[in-house]
Amino acid sequence: MKACTGKFTPLRQWLYFDALECLPLETNDILNEETCAPRGCRYDGQIAVFGADFQKKLGKQKYFLVGAGAIGCELLKNFAMIGLATKEDGGCITVTDMDSIERSNLNRQFLFRDRDVSKPKSDTAARAAKQMNPHIHIVAHQNRVGEETEHIYNDEFFTELDGVANALDNVEARMYMDGRCVFYGKPLLESGTLGTKGNTQVILPFLTESYGTNRDPMDMGFPVCTLKHFPNAIEHTLQWARDEFEGLFKQPAMCVEQYLWDNNFKERILQQSDLQTLNTLETIYNTLVTDRPTSWADCVRWARNHFQILYQNNIRQLLHNFPPNHVTSSGVQFWSGPKRCPKPLDFDANNILHLDYIVATAKLFAETYGIQWDTDRASIITILSEVKVSKFTPRSGVKIHVDDKEMQDDAESMDEDRLQELKTKLSDASVFQGIHMHPIDFEKD
């Protein structure tokens, strides 16, 4: 990374790493020349440090690896390289993962290749580890860990284990496995990633605290106004994009499905505050009526207009309210400090980034409605050339909240007439009989 990007310096440097805590403390386990002598095998480097007895013990380990994604691939690679579970007389690794490989996994789950797409992760990762070390013993499962699989991962299974390694992506499964390891008194290697951050936790029975002993601090998140109008860090733009995804391709479809098929849905939303009810009904109406497409071309047109709203109209309105030279009542430049003055984007079908946005957004929008999509770019450009984008003129009197406190103060105001209008228009769900929506879960891989 340093050599390719030139971003991190120095490019040439010494790396010092020690792990003296791995060596035995007891005097009777002191290593000597005989126990550390080369055996003419691939593990001679390890034997020189830890001794031959330790290597034999590694080969006889029975381990349970839960998850075969990014961390799971790394762990399996390490297990194969160190010779874990390679002995005929007892060693075995059981790996389970219920997911199949998607193309987006290939960028960081390095045991997988193009030919493996749609295959089970656990089977594929086990085969790759076997290629690295033919002597490793691995059994691959496609099971979810939980109460429903306790007849598989039962008392006999856990009793025979030497340890468990978690490679999970959700807290619920981590808590469950932590509880099982505590119950059976098994060591647990816990690990996780979040963006560029990573953590590991070694949990030993009767020696360390368990994973569930301490919870991670609550994520306070980012102020809504910062995300919507005044982002100033890459984390803000990423969170904004994630919220945009949920608000376009998951929440509306979920609300519509509940409205159409859940007989108690109307009763539940009417128990909410009037403002929440209005927002929910507005979402349902827009999804079923205002924005509802009937063809792939409609989805492309919607994506083009959405681009215009987000990256042109909203920015122009923001700059109308707060021009680049705007000064606050205290005489300070408004666009200073963390606030960065934005600029509108003019859509250009020949700009690859702009076109990528249209293709991805239209495709996701089509999927929520079950419409067949066609990502042929030439035909998409033809559709885009025929889209008539409404002319936008910034308006005076439009309120843009500078901070979340202002937004909360204004949250009580709502349009009572619009609420009653939507209640009337959506009073009979049978009008939309036959419609099915498909919420899309965001998948970071």
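I begin with a definition: a charge sits over a ring if NZ of Lys or CZ of Arg is within 6 Å of the ring centre and within 35 degrees of the ring normal. What you see is a predicted model, in which local features need pLDDT of at least 70 and side-chain atom pairs count only at pLDDT 80 or more, while totals for chains, interfaces and linings use all residues. Residues are numbered from 1 along each chain as its sequence is written, and side-chain values use heavy atoms, with hydrogens and water left out.

Lys339 lies over the face of Phe334, 5.2 Å from the ring centre, and Arg418 is placed over the face of Tyr285, at 5.5 Å.

Turning to ring pairs, rings of Phe, Tyr and Trp (its six-membered ring) pair if their centres lie within 6.5 Å, and planes under 30 degrees apart count as stacked, over 60 as edge-to-face and the rest as tilted. By this rule there are 24 aromatic pairs. One of them is the tilted pair of Phe50 and Phe54, at 5.1 Å centre to centre with 35° between the planes.

Phe64 and Phe158 form an edge-to-face pair, at 6.3 Å and 85°. This pair links distant parts of the chain, since Phe64 belongs to strand β1 (residues 62-66) and Phe158 to helix α6 (residues 155-160), 94 residues apart; helices (H or I, at least four residues) and strands (E, at least two) are DSSP runs, numbered from the N terminus. Phe64 and Phe158 also belong to one aromatic cluster with Tyr153, Phe157, Phe183 and Tyr184.
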